[in-house]
Amino acid sequence: MPAPAPATFTATEGFRSGFACFVGRPNAGKSTLTNALVGQKIVITSDKPQTTRTVVRGIVHRPDGQLVLVDTPGLHKPRTLLGERLNDLVMATWSEVDVVAVCFPCDEKIGPGDKFLVNELAKVRRTTKIAVATKTDLADAERIGNHLLDIARLGEETGTDWAEIVPVSAVAGDQVDLLAQLLVGLMPEGPALYPDGDLTDAPEQVLAAELIREAALDGVHDELPHSIAVVVEEMGLREGRPDDKPLLDIYANLYVERDSQKGIVIGKKGARLRQVGTVARKQIESLLGTPVYLDLHVKVAKDWQRDPRQLRKLGF
């Protein structure tokens, strides 16, 4: 992973910086944890699996170090060309970061998917590995205790040496700061990689597209989330506005795979698409700090998840 140009200030002695990556089954709490550590929403979250499709770096600034968090898709058994490409992205990231943190949600037992993932991760020898028991707010003390023992056992069975096993709740904020402290301690000594104040290196167009997709995913049927892609076609400040009253124009297309899905996304008399636009606009305004005019259209890209040409067009 090419590191960005070092910031123009020197770090104090003992300052640490580096890259960490959260992995786990789909919906293990990786994106929510990234947002909690950064202190602001930079990656979308959803109860639908395979929400994350792009690697977004979140940047955590601390007095003792700087963490660059790489958010990856959940490793899964691929059914489409898109699924294969997402898995390749995960595997490539593992070998390029300083620490891989595997997320095991406390409200679910460790299963075959977790074992598959940790076995695959065991092939990456040089990277430090820690285990994170996520969603502790959804389990009682006994369940959490048993879960931690199961995680330790899984490490022994797969030959994985966990540098740390940490229970956290990103939603409740429990032990999030401790996790950040432990991660910084595992980073190599070195200067900050990004200037103070930067929270992500993802382009604003990518962040806007992801927030639109998050709004579109809310409340849709199980088969539809995989089929929704968003492309921001045009984005820029409207000309002729006074400096103290800027307006950011965003023109975006939501792509689905079939005409029937188009109807679901648009809703009766366009009501659902208007709701998606309202929610997404507020989220984008909150993130970018600028009033937004958002123009959304829904288009059909037939079977885009299986079509190499369509995948390239949609940025995969």
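Is Arg 281 buried, partly exposed or exposed? Arg 281 is partly exposed, at 26% relative accessible area (buried is under 20%, exposed over 50%, partly exposed in between, with a 1.4 Å probe and protein chains only).

This is a predicted model: local features need pLDDT of at least 70, side-chain atom pairs count only at pLDDT 80 or more, and totals for chains, interfaces and linings use all residues. Residues are numbered from 1 along each chain as its sequence is written, and side-chain values use heavy atoms, without hydrogens and water.

**View 1. Arg 281 and Glu 285 form a salt bridge.** The N to O distance is 3.5 Å (a salt bridge is a side-chain nitrogen of Lys or Arg within 4 Å of a carboxyl oxygen of Asp or Glu). Both residues lie in helix α8, 4 residues apart, so about one helical turn separates them (helices are DSSP runs of H or I, at least four residues; strands are runs of E, at least two; both are numbered from the N terminus). Glu 285 is partly exposed, at 22%.

**View 2. Glu 189 pairs with Arg 16 in a salt bridge.** Their closest N and O atoms are 4.0 Å apart. Glu 189 sits in the loop between α5 and α6, and Arg 16 in strand β1, so the pair ties together parts 173 residues apart in sequence. Glu 189 is exposed, at 54% relative accessibility. Arg 16 is partly exposed, at 27%.

**View 3. Asp 114 meets Arg 25 in a salt bridge.** The N to O distance is 2.9 Å. Asp 114 belongs to helix α3, and Arg 25 to the loop between β1 and α1, 89 residues apart. Asp 114 is buried, at 2% relative accessibility.
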